[in-house]
Structure formats: structure tokens, C-alpha cells
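Here is a short briefing on charged side chains and how they pair. Look over the sequence and the structure before reading on.

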Amino acid sequence: MTAAAEVARSFAHLHADVTRVLGGWSAPDAAQEELRRSYLTFLASHPDGVAKAGPPAHLTASCVVLDAAGERVLLTHHRRARQWFQFGGHLERADVSLWAAARREGREESGLAALEPLRDPVQLDRHVLEGDFGHCREHLDVRFAAVAPEGVGPTVSDESLDVRWWPVDALPEGTRAELSPLVAVARGALGLL
């Protein structure tokens with residue numbers, strides 16, 4: 001069995017779940033619908049496309065975390081990229097679903113052990129990686145949203161330089177073009193507008 005076939009076999013449950021989720025997801029606009037269709041086309045031709053060990057372009061899952069009032073967003077200052085992002089990363093063989101991968105990433109990177117994202121994605125984002133990311137060249141990110149649990153503070157993981165709350169109308173410099181639309185759609189999906 002080739003390495004690609006072994007990766008595809010090991011991640012078949014996630015490939016099937018992502019295909020099911022995206023196949024049934026109602027995109028909020030034409031641009032998101034175009035991405036949804038391109039993700040499904042990509043998955044149809046890459047049975048190993050949900051794994052980091054698969055092709056240089058592959059699926060990822062992320063989770064944007066808001067406070068209960070929808071006035072602040074919790075972001076991580078990514079150690080490798082040296083930029084502020086929502087929490088997220090690669091799907092792992094042990095993840096039972098795309099949603100579970102987004103929840104795991106959100107919990108691991110924020111330290112919020114009780115974090116529970118919405119069940120449906122809120123946004124898709126395909127982006128080329130810049131910098132030293134080894135084999136990874138492009139991420140097809142599926143983004144979920146969550147409200148931070150009350151009474152628990154975040155912690156900084158090994159993957160981050162910092163984890164910090166930001167006002168939704170005063171995001172860190174250099175992130176507004178990407179994060180502002182994500183925060184806005186997450187606020188709407190969570191009923192926090």
C-alpha cells in the first residue's frame with residue numbers, strides 16, 4: 001500500500017464526515033458557495049486531503065471564540081506565523097469528526113476545557129501559507145464559532161506566544177481583512193449582534 005493510500009485509509013472517517021458536512025452546508029453567499037464547491041471538488045480528487053500527511057494543500061478546522069456579549073474575541077498569537085489568529089489546526093486521526101477537530105483545537109489552544117462550538121461551520125477560508133511550515137503550503141480551513149464558558153480564563157499553549165481578548169471593533173493590526181468578516185459572521189451565527 002502506498003503512503004498516500006495508507007493516509008487515505010487512516011483518515012477515511014474524517015474524509016467522509018467533511019464531505020457530508022460540506023455537502024449539506026448552506027453557504028451564506030456566492031463567494032462561500034464557490035469555496036464550498038471547490039472544497040468538495042478537492043476532496044473528490046484527494047482521498048488523503050483531510051490529513052497534514054496528505055497533499056501540500058489540505059483541510060484544517062478552526063474555532064473563533066467570542067465572549068457572551070459578543071463584544072470581544074479571543075485570539076492566539078501563533079508561535080510560527082507570528083500573527084494573531086482564531087484557534088485551529090490540522091485534523092488528527094483520533095478526531096471523530098470535523099466538528100470534534102475544531103473543538104479539540106479550540107480547547108487545546110485556548111485552555112478553555114469546556115468550549116463547545118456550534119455544530120455547523122460559519123465560514124470557509126482557503127489561504128496560502130507563508131513562512132516555514134514544512135510540507136504544508138495551503139490550508140482549506142473550515143471555521144466554527146463558540147462562546148467562551150463563563151468564569152474560566154484562557155491559558156497560553158505551547159503553540160502560542162500569547163492568548164488575549166480583543167474588542168471586536170479593535171482587532172490587532174494586520175488581521176482586520178481576514179478576521180473582521182469571520183468575527184462578524186460568528187457573532188451572527190451565535191446570536192450576539
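With which residue does glutamate 138 form a salt bridge? Its partner is arginine 126, and the closest N and O atoms are 2.9 Å apart. Glutamate 138 sits in strand 6 (residues 138-147) and arginine 126 in strand 5 (residues 123-128), so the pair ties together parts that are 12 residues apart in sequence.

**Ground rules**
- This is a predicted model: local features need pLDDT of at least 70, side-chain atom pairs count only at pLDDT 80 or more, and totals for chains, interfaces and linings use all residues.
- Residues are numbered from 1 along each chain as its sequence is written, and side-chain values use heavy atoms, leaving out hydrogens and water.

**Salt bridges overall**
- The whole structure holds 16 salt bridges (a side-chain nitrogen of Lys or Arg within 4 Å of a carboxyl oxygen of Asp or Glu).
- Side chains of opposite charge can pair when their charged atoms come close.
- Shared partners join Glu92, Asp95, Arg104, Glu105 and Glu108 into one salt-bridge network.

**A pair within a helix**
- Glutamate 33 and arginine 37 form a salt bridge at 2.7 Å, N to O.
- Both lie in helix 3 (residues 30-45), 4 residues apart, so about one helical turn separates them.
- Helices (H or I, at least four residues) and strands (E, at least two) are DSSP runs, numbered from the N terminus.

**Exposure of the partners**
- Arginine 37 is exposed, at 53% relative accessible area (buried is under 20%, exposed over 50%, partly exposed in between, with a 1.4 Å probe and protein chains only).
- Arginine 126 is partly exposed at 33%.
- Glutamate 116 pairs with arginine 107 at 2.5 Å; glutamate 116 is partly exposed at 40%, and arginine 107 is partly exposed at 26%.
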